[in-house]
Amino acid sequence: MSALIKNPFNHDLPPLETPLVNVQLDGQWVKVPKGLNVIEVAKRFGKFIPHYCYHPKLSIAGNCRMCLFEMGMPKLDANRKPIMDAEGMPVINWLPRPQIACATQATEGMAIRTSSKLVKDCQEGVMEFLLINHPLDCPICDQAGECRLQEYAYDFGKGRSRFVEEKVKKPKRVDFGPRIILDDERCILCSRCIRFAREIAKQDVIGFVNRGSYSTLTVYPGKVFDSNYSLNTVDICPVGALTSKDFRFKMRVWFLREAKSICTDCATGCNIIIGSRENVVYRLTPRVNEEVNSHWMCDQGRLGFHYIHSKRRVTEPASHLNGSLFPLEWSEALRTVAQRLMEFPPSEIAFLVSARLTCEELYLVKKLMETLGKGTEIFSEIVPRKGVADGLLRSADLNPNTKGAISIGIGKEGTRIEELKNKIRAKEINCLFAIHENPEEVGIQEDILSYLSFYVWQGLIPGPAVHKANVLLAGASFAEKSGTMINIAGRLQKLHKAILCPGRAREDWRILRDLLLLVGLKERVFEKISDVFDAMSKEIDLFDSLSWNTVGDLGIDLSQKLKNRSIL
């Protein structure tokens, strides 16, 4: 399966059929793909060539000069043939001047020195030059902790400055767009953001103006950088010049606890890192997965987490009685729901399920329906969410796990919503269990809900008709749970729990597991989420031979299996 996003440049990923060449790296002969970037050659063998303007997915600019290295080529004889040493390898003729590693590709017999005296002198000189006008204002810069300038100043700089003149003052707090702030005095003119806007976001509105020490980064007159991918420039800015309005000065990065997960804002399933502290999520940043999102993610997904800390969120189980809401103990709430569910004939029960649930949660919903139905199919449907695909990472399907819901056998992509509405109105369905969905958002309004004899709502933020629910069950957000989802390309990927549920809210798989026990499924007890996955892999052939551990952090491609089942 190929990546969902097409990078115009892949300097770190030469095609598989690329022939290998012999390269001498700091005295050792190694084999690398022909044409591989010298920075990437060093990286493959555990060596590091510092760089600012180079990015593996952007065009080569070669303007920071931080990646200077010493280069040699085979010495040639009178017949233009390489002179060989006693071991049969070329004798090296070193070039008198350093080269930039970002714009140099590996060729047969090339020699590379990454830490010679010449290289160290060059690195110190470049650092001194970059720090002429750039302040190392780490205490007030929001990039502290993630700043290459700060790190390189210690690792490759002289540790002192000979510059005694007054520094050039450049603009601060420049509004760059709806989500970006520029502190121009920190910009080192690497042009990563310019190339990203032009080559990936396809919004060519950023550039440099003026010359020399007075060069500044700016947005073209009358334009704003409002691309849905604009916040990726904050990630790739090697210094603290571009910062996110949403995250700026909210939290120091070294305080953040990081958890690997996936974005649930659409069906692409971009790989992310959730940054949190003390049960508060502060930011989502992309995690590299070349099979899904490469290095990027959209702003909409990146900022789409604030709802999990909403003041309107339900944080404890409760029941409505005579128009008032009363908190319940979990045992009492679950016992009430289980008893009422078992009172109705299966044909009168319906589940309105979210395709934002994990595969494990959907599997437990399926088991709950099977246990209640005892061979009779209970009505179930998922709520579709449609957006507009942008040709990059944004998917038209805004549910992250539609493929998982269909694979497990819950719902028919929302085609039966109208049927559900009619059945409730006709009193053919008298019990509704809505899981992470508000029925009124799909046209099942308050007057229709009034026909129900029993209505259970489980989720985060209730809709305006939630007072019709007899019992409310407080569920978990994507950041508060672990599980798996199948993205639009058929890749099974993992979420990992980053924070605890607020109040007395619980992970949804635990709620569903306890309900299963109460309605009569006694033969299996799930202690952890991997137990649910293992049970699912034994019963659903799509997951056959898979285990929780084999899925890994980058997921597994199930596209062929889904195609065979006409789901993809």
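This is a predicted model: local features need pLDDT of at least 70, side-chain atom pairs count only at pLDDT 80 or more; totals for chains, interfaces and linings use all residues.

Reply: Residues are numbered from 1 along each chain as its sequence is written, and side-chain values use heavy atoms, with hydrogens and water left out.

Me: Is Cys53 buried or exposed?
Reply: Buried means under 20% relative accessible area, exposed over 50%, and partly exposed in between (1.4 Å probe, protein chains only). Cys53 has a relative accessibility of 1%, so Cys53 counts as buried.

Me: What separation do the C-alpha atoms of Cys53 and Ser191 have?
Reply: Along the chain, these two are 138 residues apart.

Me: Which residues is Cys237 in contact with, leaving aside neighbours within four places in sequence?
Reply: Contact means heavy atoms within 4.5 Å. Cys237 is buried, with a relative accessible area of 9%. Once those sequence neighbours are set aside, its contacts are Gln143 and Leu242.

Me: Where is Ser407 placed?
Reply: Helices here are DSSP runs (H or I, at least four residues), as are strands (E, at least two), numbered from the N terminus. Ser407 is buried at 16% relative accessibility. Its place is in helix H9, residues 402-408.

Me: How far apart are the C-alpha centres of domain 2 and domain 3?
Reply: Domain bounds come from an automatic or database domain assignment. That assignment gives domain 2 as 163-255 and domain 3 as 318-479 + 504-527. Their C-alpha centres lie apart by 45 Å.
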